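Reader: I would like to learn how to read a few features of a protein model. Could we take them one by one?

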Amino acid sequence: MDAWEIHFLILVSLFLQVFLFLTAGMRKRSTSRILRTVLWLAYLSADSVAIFVLGHLSVRASGPRHQLMLFWAPFVLVHLGGQDTITAFSKQDNELWRRHLLSLVSQVAVAGYVVAKASWHDGRLRAAMVLMFLSGSFKYAERTYCLYSGSPATLRSDHLDRMSPELHKMQQALDFVGGGPGGTAKERARRDMRETLEMMSKGSIRGLRVDRSVSHIMSVDHPLNKVRSILVEDELPGMLDEFLPSANSCGAYEYVGALLVHYYKALYTRNLLRELLCDLYGPFFPPVALVLFVATDIRGQLHATRADIAVSYILLVGAIVLDVSSATTFIFSKMSFNFPVRIMRIASYIRPAWSRKQWSQELGQYSIIKRHIMQDTAGMASIKQWIGKRLGPWGVDLLELAHIPITKDKTPIKEFILDNLLCSGRRSEWNIASSRGQLALQKWMGGHEDQDSARTGKALEKSVRSGADFPTSVLIWHIATEICYYNGDSTSNNSDKLKKDKEVSRELSNYIMYLVFKCNVMLTSNCRLIHDNAHSEIRSILSDQEGHHVNLGEKDAFMKILKSKKEEERQDHSTAEIQKREELASNDNAADNHVEKLRQSAKDLYSPVLPRACEVAQELISINHETDRWRLIAAVWLEMLYYTAPRCGAAFHYEHLTTGGEFATHVLVLMRSLGPFLPPPSAL
């Protein structure tokens, strides 16, 4: 390899480090696949290029005119140590910490060989090289430690170590009669709960004590309630009653966002290590090495080409700038927790708009009808649609997926979720995450005691009962919600409350569809097959007699589906099949019915979903009062969200911290923070 090629590659390695430092933090605020792809390529290329350069330096940089190239080997170690803003690109990188440990040992050995190979007579240059070698070795070791500490196995181990003492304290507090440690635990729980509610009401992270139990949702698939919520369960409704009038939805979500930003930094950056161990060598070694290098250059002892000397200066200055920038960023991020609120608000207006967000503040939306209808053909939407169609099965997501903003000025869904959560807490209804719409339907039937409402409620309960697959229930209710939305006169004057319930219902419906069928939350292979069959059903209905696809708008497509199923209602036996399944489920004689149940389950896989969805839609449409209907639909979808959030799994919450964040994670943290809303292990 020629000298200019090594010059180019070592500078590319430095450029990749600068690029990663500047852009890595953007991924926690963006859902862009383009950004993730570019960062992924840069992250992988950074290590590959650095290792490639180090290998060539160890065997090719021994020529008399290029002895100074040996000085660059420690800088390769510095680059392999990465930037404070990104130690891991994904969860899998943390899981592979042993591979990075092996790479650490091998690359430090190679760099040490290159350092020992240097035969300069000037002691200052050798000292500068040793300082940079130590700096690079420490940085690479730090990165490996961060990968280890952020690995799921380490998180689970830490959680188990903390769980036993916490459970012991809770048992002491529950058995508490007089003074003693039990009373102290209860008082501490009461104080912590009031502090949390106060910070949420103010919408401030000033003085925020970062709760390490946030790691709980990143390390276990079935998160448990906080001990403090259980200890103060009797007093909690009163606390929430005081908090509700001053409830600030934006503030509560900002509080949750601050917790998740901290944990993103603990999992994917050096932030946690910087808090535990001050970086004493980082800002010190490169400046000293630069001074020694300059002194050697002034005395004319380098004996190298001007190109080699220029590259050496670029590497030294680059290392100093990156270290100082990292230290400055960390210091300001820590100081921001203690700045007065007024100063922080002024600073927020100075920063660019994109950097003010703690996460993407976007809600994923997936509608099953999107790929079958004529979509928007204006601007970027037309380009996206054209690319999606050309890519075929690979481009399906481009046609179906969308993201809607839920920023400060667009918060109906945030307010709806938080207000209902607080109201449930005030009524001590802690079991909202243990059912998926049954409680909402039971409340509705309790307020409507006429026979028609009772019949409608029982018919709707069948679609959300615990015996049915949750993804199938979501699919049925999603189609039914869309049919109800487009059914009737859309030009009628609706109240603001009705409009809000309709929009929130659709947004929640599309979001839970996105979680289940695009993020694979609680999705089994059988439910995937049912979902794919539903697409085939829709394609068949929306095609003409010759099998050609007919382009329709969204409303026309859903109305055609409803009309088609009404025509087939006489030949449809889905209701009888459902009743048959219920009889089998209620029969305790499992041995006699085992084969019949197996046959029925196989039949369920190919049982059409659209007839069942249309039945649910017709039952909902039979509720004459539209406001009452949409209040019920919104309540069912809200309960499904509460049901889904604790069941997404640790890997889901862990991985989505780097892809713009997921609203379900914020809802889960809210549920853990405001009360014992999470279901017991037996209900998961």
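Author: Start with a loop. This is a predicted model, and in it Ser428 sits in the loop between helix 20 and helix 21 (438–446).

Reader: What is the phi of Ser428 near?

Author: The general idea comes before the case. Most residues other than glycine have a negative phi, and most peptide bonds are trans. Ser428 has a phi near 60 degrees, which is a positive value in a residue other than glycine. Its relative accessible area is 36%, so Ser428 is partly exposed.

Reader: In which loop is Asn520 found?

Author: Asn520 belongs to the loop between helix 24 (496–517) and helix 25 (525–541). For Asn520, phi is near 60 degrees, again a positive value in a residue other than glycine. With a relative accessible area of 45%, Asn520 is partly exposed.

Reader: Now the helices. How is a packed pair described?

Author: Two packed helices are described by the angle between their axes and the distance between the axes. Take helix 20 (residues 412–426) and helix 32 (residues 663–674): they pack at an angle of about 25 degrees, and their axes are 11 Å apart. Angles under 35 degrees count as roughly parallel, and helix 20 and helix 32 are therefore roughly parallel to each other. Their crossing is right-handed.

Reader: Which residues of helix 20 and helix 32 make the contact?

Author: Helix 20 contributes Lys414, Ile417, Leu418, Leu421 and Leu422, while helix 32 contributes Phe663, Val667, Leu670, Met671 and Leu674. Sorted by class, the contact of helix 20 with helix 32 has 9 nonpolar residues, no polar ones and 1 charged.

Reader: How does a roughly antiparallel pair read?

Author: Helix 3 (residues 73–80) and helix 5 (residues 97–117) pack at an angle of about 160 degrees, with 9 Å between their axes. Angles over 145 degrees count as roughly antiparallel, which makes helix 3 roughly antiparallel to helix 5. The crossing of helix 3 and helix 5 is left-handed. On the helix 3 side the contact is made by Ala73, Pro74, Leu77 and Leu80, and on the helix 5 side by Gln107, Val108, Ala111, Val114 and Val115. The residues of this contact divide into 8 nonpolar, 1 polar and no charged.

Reader: Which residues have the most contacts inside the largest nonpolar core?

Author: In soluble globular proteins, nonpolar side chains tend to be buried together. Here the largest nonpolar core has 124 residues, and those with the most contacts inside it are Ile417, Trp477, Leu620 and Leu674. Leaving aside residues up to four places away in sequence, Ile417 touches Tyr253, Leu508, Leu638, Leu641, Tyr642, Phe663 and Val667. There is also a second, separate core of 57 residues, with Leu9, Leu14, Leu20 and Ala289 among them.

Reader: Does Arg143 count as buried or exposed?

Author: Residues under 20% relative accessible area are buried; Arg143, at 3% relative accessibility, therefore counts as buried. Arg143 lies in helix 6 (residues 123–149). Not counting residues up to four places away in sequence, Arg143 touches Tyr43, Asp47, Leu80, Gly81, Thr87, His100 and Arg270.

Reader: What does the secondary structure of the protein come to?

Author: The protein has 32 helices and 2 strands. Of its 684 residues, 52% are buried. Among contacts between residues at least 6 apart in sequence, 83% join residues at least 24 apart.

Conventions. Residues are numbered from 1 along each chain as its sequence is written. This is a predicted model: local features need pLDDT of at least 70, side-chain atom pairs count only at pLDDT 80 or more; totals for chains, interfaces and linings use all residues. Side-chain values use heavy atoms; hydrogens and water are left out. Axes are lines fitted to C-alpha atoms, for helices over the stretch in contact, and angles run from 0 to 180 degrees between N-to-C directions. Helices (H or I, at least four residues) and strands (E, at least two) are DSSP runs, numbered from the N terminus. Angles under 35 degrees count as roughly parallel, over 145 as roughly antiparallel, 65 to 115 as roughly perpendicular and the rest as oblique. A crossing is left-handed if the near helix is turned anticlockwise from the far one by less than a right angle, and right-handed if clockwise. Contact means heavy atoms within 4.5 Å. Ala, Val, Leu, Ile, Met, Phe, Trp, Tyr, Cys and Pro count as nonpolar, Asp, Glu, Lys and Arg as charged, and the others, Gly among them, as polar. A nonpolar core is a set of buried Ala, Val, Leu, Ile, Met, Phe, Trp, Tyr and Cys residues joined through side-chain atoms within 4.5 Å. Buried means under 20% relative accessible area, exposed over 50%, partly exposed in between (1.4 Å probe, protein chains only).
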